[in-house]
Amino acid sequence: MKNLWCHPRVLSSSPVRQAQDRLRRGSIHLVLSLILAALFVACSDDDSSFATRPSDGSSSSVCEDCDDGSSSSAKSSSSSVVSSSSAKSSSSSAESSSSSQIGCKTETEDNCEYGELVDDRDGQTYKTVKIGDQWWMAENLNYETDSSFCYNDSVEYCEKYGRLYRWAAAVGKSESECGYGYTCSLPSGNIQGVCPNGWHLPSKAEWETLFIAVGGSSVAGWVLKSTSGWNHSGEGSDAFGFSALPAGNRGDNGIYGSEGDHAFFWSSTEYGNSSVYNMYLFYGRDDVYLCYESSKRVGYSVRCIQD
């Protein structure tokens, strides 16, 4: 699991850092070359203490690089056996992969277990889906409350993506209680927050449970993303019916961005007085990130999980 600080515009190192890395790698390569050269000279010297050649012509050496051709052939043969075993393993894996299906949904069939949630506060209806032992909303929450927003302040985006919430709103608190700069210290257990009755904002641990259920964090992005709506052909397989859409975010400065490129979902797990863990999907990646965001003031999507 990737527990880290991350931001859509800070995914690679700076040019200066890259130059420093190249210089460091060059220095390491030079040192390694000098060491290898010294070993070669030592191993080539019959009187060297690094190698002892028995009088019967057999090869016995403390420095294994000094083995003769027959030993090298044996090593080559051994490598061939390992390679052959790897090929068999690869072939078996391929057969196993082709005979098994990831998830409950394909392009032609949908065998996922769905339900329906009616929010009695405003009458809105949401599709739900069972993944592993958890029941999740299969759509983003669209309940209007203080400190919640439609992307670009346009109602059409709320209809498409649901609303974007500041974290205090997501956990059902005011900005003066749980906003930026305030340690919220929520109680243990489920945090209903802005979610309907019987549902709650997922914790960091519950997001991690979801990733495990869909095959691990390295593929979670691919199988949780929707099959359309992502820029740059960055859609996923939606193999479990989660249907994550790239709703983007609202920055702490009130500027909207990343629609079509990224999806961000809050957790209920706080990280200090200004940060919170969130789940992050990126159009160009099949994996998933569980990050601690630098500002509680940003606006992210909410997916609720059943109690």
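**Rings, charges and disulfides in a predicted model**

Visitor: Why is Phe-265 counted as buried?
Guide: In this predicted model, Phe-265 has a relative accessibility of 0%. Buried means under 20%, so Phe-265 qualifies.

Visitor: What makes Trp-207 buried?
Guide: Its relative accessible area is 0%. The cut-off is under 20%, therefore Trp-207 is buried.

Visitor: How many aromatic pairs does a search of the whole structure find?
Guide: The search gives 18. One of them joins Trp-207 and Phe-265, with 5.9 Å from centre to centre and 40 degrees between the planes.

Visitor: How do you know that the pair links distant parts of the chain?
Guide: Trp-207 sits in helix α6 (residues 204-213) and Phe-265 in strand β10 (residues 262-271), 58 residues apart.

Visitor: What makes Tyr-280 and Tyr-289 a tilted pair?
Guide: Their centres are 5.7 Å apart and their planes 35 degrees apart. The limit for pairing is 6.5 Å, and stacked needs under 30 degrees, so the pair is tilted. Tyr-280 and Tyr-289 are both buried. They also belong to one aromatic cluster with Phe-264, Trp-266, Phe-282, Tyr-283 and Tyr-300.

Visitor: Which ring does Arg-121 lie over?
Guide: Arg-121 lies over the face of Tyr-143, 3.7 Å from the ring centre; the distance limit is 6 Å. Likewise, Arg-303 lies over the face of Phe-242, at 4.3 Å from the ring centre.

Visitor: How do you know that a disulfide joins Cys-104 to Cys-112?
Guide: The two sulfur atoms are 2.0 Å apart. A disulfide needs them within 2.5 Å, so the pair qualifies. The count for the structure is four disulfides.

Visitor: Why is the disulfide of Cys-104 and Cys-112 called right-handed?
Guide: The torsion about its S-S bond is about 90 degrees, so it is right-handed. Cys-104, at 17% relative accessibility, counts as buried, and Cys-112 does too, at 11%.

Visitor: What makes the disulfide of Cys-150 and Cys-158 left-handed?
Guide: Its S-S torsion is about -105 degrees, so it is left-handed. The sulfur atoms lie 2.0 Å apart, and both Cys-150 and Cys-158 are buried.

Visitor: How do you know that Cys-178 and Cys-184 form a disulfide?
Guide: Their sulfur atoms are 1.7 Å apart, and the limit is 2.5 Å. The torsion about this S-S bond is about 45 degrees, so the disulfide is right-handed. Cys-178 and Cys-184 are both buried.

How values were computed. Residues are numbered from 1 along each chain as its sequence is written. This is a predicted model: local features need pLDDT of at least 70, side-chain atom pairs count only at pLDDT 80 or more; totals for chains, interfaces and linings use all residues. Side-chain values use heavy atoms; hydrogens and water are left out. Rings of Phe, Tyr and Trp (its six-membered ring) pair if their centres lie within 6.5 Å; planes under 30 degrees apart count as stacked, over 60 as edge-to-face and the rest as tilted. Helices (H or I, at least four residues) and strands (E, at least two) are DSSP runs, numbered from the N terminus. Buried means under 20% relative accessible area, exposed over 50%, partly exposed in between (1.4 Å probe, protein chains only). A charge sits over a ring if NZ of Lys or CZ of Arg is within 6 Å of the ring centre and within 35 degrees of the ring normal.
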